[in-house]
Amino acid sequence: MATVSTKEIKNRIRSMESTKQITRAMEMVASSKLRHAQTKVSEARPYFEILLQTIRDIVSTGNGDDSAYLIPRQVKRTAFVVIAGDRGLAGGYNSNLLKCAMEQMKGKDAIVLPIGKKAADFFRTRTIPVLTEEDNMAAEVSVGDCFSIAKQLCNAYLREEIDEIIVIYTDFVSVLSQVPKTLRLLPFEAEADAAGKAEIEYESGCDAVLQAIIPEYLGGVLYGALCESRAAEQAARRTAMNAATQNAEEMIADLSLKFNQARQAAITQEITEIVAGS
């Protein structure tokens, strides 16, 4: 490094300082978005837990067993809802999720509904059939969009165009841990423990009630998975940007040391030339 000019080292230091400012700003933005995503998850959870409990109450009393959503059938085609991010710079968030999705699709006649630009681009380049050609940007998908997607999937399930629905998303365990997770939505599986349960009569019948609330519940599950994925993405990006900032600081410290060594070598050489000339 002694042969490198001090001017070149200075330019490298300025470049690393600029990079550090960018990564630190991205870390702060990710932290803010992470708190917002966690709040959405906690606010949406109670409503959909009540829907799930209602479904379980119907099943536990032995009613609604004839619902098409509850009857298992031979799986010929599986629909995968894959929730990834819209951008990179988030460590292994997108790559781990897409790797998990490909493992789940092995040996299956799969069709995909991608959410997130990274997922849409990934499956498009691999010519895997998709349910829609529209790019559903993960950051722009609302709770209403999740209900629409759930109804679209349920209608396809009832028409027997698909026989199984699986959602693949990233579970937000903690700020430092995000794990790809697979959850089967249909056929619906509910606990059937009738102990201590009073039989309840529903107007229009249990099948009609299940027909109405299961799509709503699935929409809620999709929205919850989307919020979990958003939180996991921001946590992964925050961790990645924090690591990048620390690496930049270490490189700046190393370059500063080498800059001082180069400057001292240049001064020593000048003194030697002066002494030799005198």
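Which residues of α2 are buried? Point 3 takes this up.

1. **Basis.** This is a predicted model: local features need pLDDT of at least 70, side-chain atom pairs count only at pLDDT 80 or more, and totals for chains, interfaces and linings use all residues. Residues are numbered from 1 along each chain as its sequence is written, and side-chain values use heavy atoms, with hydrogens and water left out.

2. **Overall build.** Five helices and four strands make up the secondary structure of the protein chain. Helices (H or I, at least four residues) and strands (E, at least two) are DSSP runs, numbered from the N terminus. Their order along the sequence is α-β-α-β-α-α-β-β-α. Of the 278 residues, 41% are buried. Buried means under 20% relative accessible area, exposed over 50%, and partly exposed in between (1.4 Å probe, protein chains only). Among contacts with a separation of 6 or more, 77% join residues 24 or more positions apart. A contact here is heavy atoms within 4.5 Å.

3. **Helix α2.** The buried residues of α2 are Y93, N94, L97, L98, C100, A101 and M105. Seen down the axis of α2, they fall within an arc of 155 degrees, so they line one face of the helix. The arc is that of the directions from the helix axis to the C-beta atoms. An α-helix has 3.6 residues a turn, so residues three or four places apart point the same way. The length of α2 (residues 93-105) also agrees with expectation: its 13 residues should span 18 Å at 1.5 Å a residue, and its end C-alpha atoms are 19 Å apart. The expected span is 1.5 Å times one less than the number of residues. Just after α2, G107 takes a positive phi of about 75 degrees.

4. **Largest nonpolar core.** This core has 39 residues, and I115 and L186 touch the most other members. A nonpolar core is a set of buried Ala, Val, Leu, Ile, Met, Phe, Trp, Tyr and Cys residues joined through side-chain atoms within 4.5 Å. Elements giving two or more residues to this core include α1 (6-60), β2 (110-115), β4 (177-186) and α5 (206-277). The most come from α5, with 12 residues.

5. Leaving out residues up to four places away in sequence, L186 touches Y69, C154, Y157, D163, E164, I165, I214 and L218.

6. **D163 and R73.** These residues form a salt bridge, with the closest N and O atoms 3.2 Å apart. D163 lies in the loop between α4 and β3 and R73 in the loop between α1 and β1, so the pair ties together parts that are 90 residues apart in sequence. D163 is buried, at 7% relative accessible area. R73 is partly exposed, at 24%. A salt bridge is a side-chain nitrogen of Lys or Arg within 4 Å of a carboxyl oxygen of Asp or Glu. By this rule the count is 11.

7. **Other salt bridges.** D109 and R77 pair at 3.6 Å, N to O. D109 sits in the loop between α2 and β2, and R77 in the loop between α1 and β1, 32 residues apart. K151 and E216 pair at 4.0 Å, N to O. K151 is in helix α4 and E216 in helix α5, 65 residues apart. K117, D121 and R124 are linked in a network of salt bridges.
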